[in-house]
Amino acid sequence: MARLVINEGNKVSRIEPEIYGHFSEHLGRCIYEGIFVGENSDIPNVNGMRTDVVEALKELKIPMLRWPGGCFADEYHWKDGIGPKENRKKMINTHWGGVVEDNSFGTHEFMELCRQLGCKTYINGNLGSGTVQEMSEWVEYMTFNGVSPMADLRAKNGHEEPWTVDYFGVGNENWGCGGNMTPQHYGNEYRRYQTYIRNYDQNKPVKKVCCGANVADYFWTEGVLETCFDHCPDFLHGFMDYLSLHYYVHPEGWDIKGSATDFNEEVWYKTLNKALYMDTLVSRHGAIMDQYDPEKKIGMCVDEWGAWYTCEPGTNPGFLYQQNTVRDALVAGITLNIFNKHSDRVKMAALAQMVNVLQSVLLTEGDKMIKTPTYHVMHMYRHHQGAELLESALTGVEEIGINEWKVPKLTESVSMDENGVITITMNNLSVEDAEEVEVILLEKGYHVVEAKIVTEEDFHAHNTFDAPEVVVEKDFQLYKLTDTGLLLTMPKNSVVEIRLAK
Ligand code: AHR
């Protein structure tokens with residue numbers, strides 16, 4: 001039997017809500033069809049945004065949404081996406097399927113989407129192929145309140161009031177699709193571009209995200225930070241608020257990736273082993289950040305994470321459309337527990353991507369929409385948003401797996417919200433066995449206010465448009481209160497959430 005010991009007397013760090021953020025790129029059917037269908041669509045919508053999708057996303061309490069990319073961001077010219085739709089330029093989306101992008105979803109539409117979702121805005125700027133002036137004017141267009149060329153243009157396009165840009169990414173993957181730069185070159189470009197991202201409203205500063213590393217590229221982290229902090233008097237004045245990190249789980253490697261639904265037990269463990277690698281990445285990049293920023297003023301922002309499989313048979317390979325099984329529920333549960341545990345450094349993250357692309361929370365087909373197993377995990381974990389991480393530790397956890405693909409049988413994280421309610425999220429990574437867990441708390445007298453589970457006997461189980469509720473969040477009953485806490489049974493391949501209050 002494993003044991004989870006919780007010290008609710010020790011609040012370790014705040015779990016910023018933005019760790020539960022999302023990413024929406026002009027890629028495949030994410031924006032078009034998945035979110036935006038236009039005002040004249042037969043699919044129910046409000047100002048062009050699908051009502052079913054917006055309602056489902058609101059239940060997740062989405063804190064922040066990143067847009068317009070991704071690789072798309074460094075080829076996006078924002079002025080193509082404003083003004084009367086019939087005049088908007090059409091372009092080829094060279095990165096993603098070579099399809100025509102008609103720019104009917106632009107800045108105004110993104111801001112309307114975030115208004116409907118009630119979430120913060122994260123705009124990713126174009127450093128790779130755009131100019132400093134273009135980036136600077138975009139920020140002016142969105143946030144300046146007064147008389148200026150860009151504020152006047154915004155008003156002419158129907159939006160008198162400025163919007164709030166909470167986060168601004170200064171380029172995306174500039175080590176790759178964003179310009180193939182060296183860390184030193186990007187570091188210098190970052191210094192220059194960020195200078196012209198003005199805070200027009202001092203009460204709502206635009207927080208800047210510097211492009212961080214791909215996976216284990218520690219030379220990038222070191223090189224960018226060394227270049228940026230060579231001599232930077234502005235450091236404490238909003239020079240860099242976040243440094244990003246991108247990491248995708250490819251079960252069979254980048255070239256082959258592997259099927260989303262057809263895999264054996266060894267690939268199950270391989271996938272989860274790779275998901276657990278996030279812990280190493282966050283720790284090691286974090287250790288480099290500590291050298292430059294020991295007080296942890298710069299947040300790590302894992303603004304692209306998730307499983308990336310071979311796209312579904314018969315779909316456009318450039319659209320990255322994939323199914324989502326119980327295995328993805330575990331990838332999400334494991335990763336979010338890691339972020340919670342590192343919430344002293346990880347301050348923001350974005351699952352890639354929100355609808356119809358990679359590890360999505362929602363899939364659509366025509367007027368139909370389904371929630372994926374990942375959706376249900378995000379829904380259970382929403383209670384961690386804004387709560388305080390509690391000190392907690394597992395003992396007696398077996399190492400399991402096949403061949404070199406070893407994983408601990410259980411992972412967990414625990415938080416306490418402002419009302420003193422404790423949320424425990426735990427995963428059983430085994431495809432074979434359940435596990436008994438004794439949960440021990442410092443204090444007595446708790447009762448269970450909510451207990452939920454996402455699991456299925458068959459680890460390939462997933463939802464389809466014909467059978468949308470195969471894997472859903474269900475009530476969890478395999479627990480009993482004890483003198484010292486709880487005794488529970490974690491079924492195999494399961495993600496469990498339990499909430500306790502006095
Ligand atoms: O999410 C898909 C792509 O993955 C993004 O456009 C890019 O930033 C990353 O390589």
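Me: In this predicted model, which residue has its backbone oxygen 3.1 Å from a polar atom of the side chain of Gln359?
Reply: Gln359 is found in the loop between β13 (346-352) and β14 (362-365), and among the residues that Gln359 touches are Val331, Ala332 and Asp328. The backbone oxygen that lies 3.1 Å from a polar atom of the Gln359 side chain belongs to Asp328.

Me: With which side chain does the side chain of Gln359 make a polar contact?
Reply: A polar contact requires a pair of N or O atoms within 3.5 Å, and the side chain of Gln359 has such a contact at 3.1 Å. The partner is the side chain of Thr374.

Me: Is Gln359 buried or exposed?
Reply: A residue counts as buried when its relative accessible area is under 20%. Gln359 has a relative accessible area of 0%, so Gln359 is buried.

Me: Are helices α9 and α10 roughly parallel or roughly antiparallel to each other?
Reply: Helix α9 (residues 326-341) and helix α10 (residues 373-381) pack with their axes 8 Å apart, at an angle of about 30 degrees. Because angles under 35 degrees count as roughly parallel, α9 and α10 are described as roughly parallel.

Me: Which residues of α10 meet α9?
Reply: On the α9 side, the residues in contact include Asp328, Ala332 and Leu336. By class, the contact of α9 with α10 has 8 nonpolar, 4 polar and 1 charged residues. From α10, the residues that take part are Pro373, Thr374, Val377, Met378 and Tyr381.

Key:
Residues are numbered from 1 along each chain as its sequence is written. This is a predicted model: local features need pLDDT of at least 70, side-chain atom pairs count only at pLDDT 80 or more; totals for chains, interfaces and linings use all residues. Side-chain values use heavy atoms; hydrogens and water are left out. Axes are lines fitted to C-alpha atoms, for helices over the stretch in contact, and angles run from 0 to 180 degrees between N-to-C directions. Helices (H or I, at least four residues) and strands (E, at least two) are DSSP runs, numbered from the N terminus. Angles under 35 degrees count as roughly parallel, over 145 as roughly antiparallel, 65 to 115 as roughly perpendicular and the rest as oblique. Contact means heavy atoms within 4.5 Å. Ala, Val, Leu, Ile, Met, Phe, Trp, Tyr, Cys and Pro count as nonpolar, Asp, Glu, Lys and Arg as charged, and the others, Gly among them, as polar. Buried means under 20% relative accessible area, exposed over 50%, partly exposed in between (1.4 Å probe, protein chains only). A polar contact is a pair of N or O atoms within 3.5 Å; within protein, one must be able to donate a hydrogen and the other to accept it, and residues adjacent in sequence count only if both atoms are side-chain atoms. Lists of a residue's contacts leave out its neighbours within four places in sequence.
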